[in-house]
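Reader: I'm new to this, so could you take a close look at the salt bridges for me? Which residues pair up, and are they buried or exposed?

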Amino acid sequence: MKRSEINAIMAQADEMIQSHGFALPPFAHWSPDDFRTRAPQARHVIDARCGWDITDYGAGDFDKMGLFLFTLRNGLLGDLTAGGGMCYAEKLLISRQDQLSPMHTHVIKAEDIINRGGATLVVELYGSDDAGGFAEDRGGQVMCDGILRDYAPGEKLTFAPGESVTLRPGDWHAFWGEGGDVLIGEVSTVNDDETDNVFRDPIGRFAQIEEDEAPTHLLVSDYATLL
């Protein structure tokens with residue numbers, strides 16, 4: 001992805017988030033220089049990889065397959081291992097109309113996916129085989145707003161604003177917006193996007209960046225190289 005495209009997506013996302021009555025935390029609006037200056041005080045933000053995250057999954061067509069994310073808060077895997085402390089995470093996502101977030105599952109993370117506003121959220125579901133791999137012929141069970149329901153393999157559940165689904169490790173899922181763009185909330189176990197995303201197809205989690213202009217704000221994937 002070009003950095004100019006990422007900068008534009010950030011601006012559009014911030015506008016949509018505000019239009020639904022949400023406000024991003026102050027560090028969302030730091031410039032790269034602000035981040036460098038404040039890095040010693042912002043160690044948790046950096047280490048927990050809170051902030052902007054925009055991906056085309058390495059496919060080079062963001063409108064067709066991609067996702068906007070902003071990690072609002074996140075604990076550390078050490079807390080989770082110790083069984084105490086900050087063992088949770090929260091994100092805002094934007095899934096554009098017909099923009100696929102491809103089939104994947106998590107090894108550790110359980111997550112509530114909540115339609116916070118906009119159009120209809122579609123979630124396609126499959127179960128796992130005995131080794132935890134993708135199973136084309138297996139369904140499973142999820143909770144939708146706290147109510148347990150079965151799903152058939154490949155079933156597409158739809159969620160209007162205010163509705164949600166709880167996904168656990170082994171629930172293979174893909175999702176997209178139907179009829180328009182969707183603002184999504186995610187509340188989960190500690191989030192580790194570098195190691196805890198298992199995709200059905202061999203794709204990448206993070207975009208490759210072409211630096212055609214300076215970044216407006218840093219992506220979480222920039223922290224290691226630009227800070």
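Author: Let's start with Asp222, which forms a salt bridge with Arg3, their closest N and O atoms sitting 2.9 Å apart. Asp222 is in the loop between β12 (198-199) and α5 (223-226) while Arg3 is in helix α1 (residues 3-19), so this pair ties together parts 219 residues apart in sequence. (Helices, H or I with at least four residues, and strands, E with at least two, are DSSP runs numbered from the N terminus.) Both ends are buried: Asp222 has 5% relative accessibility and Arg3 has 0%. Buried means under 20% relative accessible area, exposed over 50%, and partly exposed in between, with a 1.4 Å probe and protein chains only.

A quick word on the ground rules. This is a predicted model, where local features need pLDDT of at least 70, side-chain atom pairs count only at pLDDT 80 or more, and totals for chains, interfaces and linings use all residues. Residues are numbered from 1 along each chain as its sequence is written, and side-chain values use heavy atoms, leaving out hydrogens and water.

A salt bridge here is a side-chain nitrogen of Lys or Arg within 4 Å of a carboxyl oxygen of Asp or Glu, and that rule gives 16 of them. Another one joins Lys156 and Glu124, with 3.9 Å between the closest N and O atoms. Lys156 belongs to strand β9 (residues 155-159) and Glu124 to strand β5 (residues 111-128), so parts 32 residues apart in sequence get tied together. Here Lys156 is partly exposed at 47%, but Glu124 is buried at 15%.

Finally, Asp53, Lys91, Asp193 and Arg205 are linked in a salt-bridge network.
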